[in-house]
Amino acid sequence: MNGSTLRTVVLIALALAAIVLYSSVFIVQQTQYALVLRFGAVQSAISEPGLKFKLPLVDAVTYFEKRVLDLDLPVQTVLSADRQNLEVDAFTRYRIVDPLRFYQAVGNIALANQRLQSFTNSAMRNTLASASRDAIVRTERADLMNRIQADVNRQAASLGIEMIDVRLTRVDLPAANSQAVYQRMRTEREREAADLRANGQQQAQTIRARAEREATIIRAEANQKAEELRGEGDANRTRILAEAFGQDPEFFSFFRSMQAYETGLKGGDTRLVLSPDSDFFRYFNDPAGRRNGGGAAARPTPAPVQPAPAQ
C-alpha cells in the first residue's frame, strides 16, 4: 500500500469518525426538554441544558418547549344560570412540566392545543352555567376564572401540562340581545330623566311662587313706607308754606304768582282766555299787585293749612 492510498484511507476514517461523533451528540437549550427515542421507544427524558450523547443512527431526539405557551380560544356561546346567552372570548397559558407524559399522551403541541381547547370549553360551560349574567360580567368574574383554571388544570395533569392562567377577555351578549338590552336601558334612562325634569320643574315653580310672594310683600311694605313718608313731606310742606305766608303775606302772594306765571306761560302753544283785569294778571298791570291801579295791593286770602295725613 503506497502513501497516497494510506492517506485516503486515513481521511475516510476521520470523516466517518467525524460523522459518527456528530450524530452521537446533541445540545439541549435552557428553554427545551429533550426525549431520546430508540425506534420510537423513550430511552431518557432530559431537562437539564448542555451537551448530551446518544447512539448514532439509532437514537432520535425530540424537543419540547419549557417556556409558557399561549392558546387563544375561539368565541363560544354559553348559557348562564338566568337563561342568558353570552358570547365568551378566552385564552389560556400553560407549560409542559412532564415531557415524557406529554409525549405519551399527545406527542406534539398541535394535538395538545386541541385537547386543552376541549377541556377549557367544557369547564367554561359547566362553571358559567351556575352563575348569573351579572356575576359573570362584574361581581364574581375573578372567582369564576379561578374555578375554570382549577378544573382545566385537573384534566390537563394527565397530559403532563400545568395551567398557568385562564382568562375571560370578553363576555358580551349576542348582537340581537345587545340591541334589545340597549333599548331597554335607554328607555329606563329616559324615564329617569323625565322624572328628574318633572321634579326640577316642580321645585322651580315652588321657588318662583315663594319669590313672587316675598317680592309682593316687599313692594307692599315699600309702598306703605313711601305713602307714610309722602304724607309726612306734604304735612311739612303745608306747615312751612303756612309759616312763610304768615311772616310776609305780600311777598308770598308775589312769589306764588310768579310760580303760576312760570307754569302757565311756558313756551309753545300756550293759550289763555282771561279778562285783562283778572287777578291772575294783576302783577302785569301793577308791579305792586294793586287791583285796577288802585291803592294798596290786594291781600290774597291765606291758603288753609291742611292737616297731616294720619300715620
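Trainee: Which residues is Thr-120 in contact with, leaving aside its neighbours within four places in sequence?
Mentor: Thr-120 is in contact with Leu-73, Thr-92, Val-152 and Val-166, where contact means heavy atoms within 4.5 Å. Keep in mind that this is a predicted model: local features need pLDDT of at least 70, side-chain atom pairs count only at pLDDT 80 or more, and totals for chains, interfaces and linings use all residues. Residues are numbered from 1 along each chain as its sequence is written, and side-chain values use heavy atoms, with hydrogens and water left out.

Trainee: Thanks! Is Thr-120 buried or exposed?
Mentor: Thr-120 is buried, at a relative accessible area of 0%. Buried means under 20% relative accessible area, exposed over 50%, and partly exposed in between (1.4 Å probe, protein chains only).

Trainee: New topic: how many aromatic pairs are there in the whole structure?
Mentor: A search finds two. Rings of Phe, Tyr and Trp (its six-membered ring) pair if their centres lie within 6.5 Å; planes under 30 degrees apart count as stacked, over 60 as edge-to-face and the rest as tilted. Phe-64 and Phe-102 are edge-to-face, 5.2 Å centre to centre with 75° between the planes.

Trainee: And why is the pair of Phe-64 and Tyr-103 tilted?
Mentor: Because their planes are at 55°, with the ring centres 6.4 Å apart. Ring pairs link Phe-64, Phe-102 and Tyr-103 into a cluster.
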